[in-house]
Amino acid sequence: MITYRIATELGPVRVVTDGIYRPGPPIIWLHGWTLSPWGWVALMPSSMRTRRRWYALSLPGHLPEANDSLPPLLTTERLAQALAQALQDLCGETPVQVVGHSLGGFWGLCLAVHRPTCLERLVLVSSFARGRLSGALARVQRLAEHGVGRALFRLGYRWLTARPDAGAGCWSG
């Protein structure tokens, strides 16, 4: 696999690909919260991996490019602009097919609303369009907003993403 970074206004985006050009619209894989682009490499059907040009992208602010430089106000327009900027660097003006899981699906929806000409197709997997987190995730989000809670959240997040098997029990229903 080949990995490299693309700079966006929201911070760097890590790109994972096999680097082989194949005809047809590229497939862009966007991961969910606490995941990374390497998850898609393992889950991608071999028929897509070998027949289509593809790129798995990290979302700004997510590992391995996690940092504190995200602006305090993330609007859907800013999310769409950052993703469109990365897609422009990868694919030029060619419309892409986006597969987004969870938070990645939300980013794909932002792109569809604010930059529809970038998309040929959008596939959402367990995604959302709007709303607030509830339950345990809402408590974690509130904890992560301030001081020590933010530091604890970052440590836990790094632990989960460094060991994907550690969080397996958290996601089963």
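**View 1. Leu57 and its neighbours in the predicted model.** Leaving out residues up to four places away in sequence, Leu57 touches Val13, Arg14, Val15, Ile28, Trp29, Leu30, His31, Pro37, Leu83, Ala86 and Leu90; a contact here means heavy atoms within 4.5 Å. Residues are numbered from 1 along each chain as its sequence is written, and side-chain values use heavy atoms, with hydrogens and water left out.

**View 2. The largest nonpolar core.** A nonpolar core is a set of buried Ala, Val, Leu, Ile, Met, Phe, Trp, Tyr and Cys residues joined through side-chain atoms within 4.5 Å. Buried means under 20% relative accessible area, exposed means over 50%, and partly exposed is in between (1.4 Å probe, protein chains only). The largest core has 27 residues, and Ile28, Leu30, Leu57, Trp107 and Leu111 touch the most other members. Two or more residues each come from β2 (11-17), β3 (27-30), β4 (54-57), α3 (76-91), β5 (96-101) and α4 (103-114). The biggest giver is α3, with nine residues in this core. As for the labels, helices (H or I, at least four residues) and strands (E, at least two) are DSSP runs, numbered from the N terminus.

**View 3. Helix α3 and what covers it.** This helix has 16 residues and reaches 22 Å from its first C-alpha to its last, close to the 22 Å expected at 1.5 Å a residue. That expected span is 1.5 Å times one less than the number of residues in the helix. Which residues of α3 are buried? They are Leu79, Ala80, Ala82, Leu83, Ala84, Ala86, Leu87, Leu90 and Cys91. The cover over them includes β1 (2-8), β2, β3, β4, β5 and α4. Just after α3 comes Gly92, with a positive phi of about 65°.

**View 4. Where α3 meets α4.** The two helix axes come within 8 Å and cross at roughly 90°; axes are lines fitted to C-alpha atoms, for helices over the stretch in contact, and angles run from 0 to 180 degrees between N-to-C directions. So α3 is roughly perpendicular to α4, a label for angles of 65 to 115 degrees, with under 35 counting as roughly parallel, over 145 as roughly antiparallel and the rest as oblique. On the α3 side the contact uses Thr76, Glu77, Leu79, Ala80, Leu83, Ala84 and Leu87, and on the α4 side Phe106, Trp107, Cys110, Leu111 and His114. Sorted by type, the residues of this contact come out as nine nonpolar, two polar and one charged. Here Ala, Val, Leu, Ile, Met, Phe, Trp, Tyr, Cys and Pro count as nonpolar, Asp, Glu, Lys and Arg as charged, and the others, Gly among them, as polar.

**View 5. Helix α4 from end to end.** With 12 residues at 1.5 Å a residue, α4 should span 16 Å, and its end C-alpha atoms are 17 Å apart, which agrees. Its buried residues are Leu103, Gly104, Gly105, Phe106, Trp107, Gly108, Cys110 and Leu111. They pack against β3, α3, β5 and β6.

**View 6. Two serines with positive phi.** Most residues other than glycine have a negative phi. Ser102 is in the loop between β5 and α4, and its phi is near 55°. Ser126 sits in the loop between β6 (119-125) and α5 (135-143), with a positive phi of about 50°. Is each serine buried or exposed? Ser102 counts as buried because its relative accessibility is 18%, whereas Ser126 is exposed, with a relative accessible area of 59%.

**View 7. Arg53 and Tyr21.** Arg53 lies in the loop between α2 (46-51) and β4. At 11% relative accessibility, Arg53 counts as buried. Leaving aside neighbours within four places in sequence, Arg53 is in contact with Ile20, Tyr21, Arg22, Gly24, Pro25, Pro26 and Ile27. One of these, Tyr21, is in the loop between β2 and β3 and counts as exposed at 60% relative accessibility. The C-alpha atoms of Tyr21 and Arg51 are separated by 9.6 Å, though the two are 30 residues apart along the chain.

How values were computed: This is a predicted model: local features need pLDDT of at least 70, side-chain atom pairs count only at pLDDT 80 or more; totals for chains, interfaces and linings use all residues.
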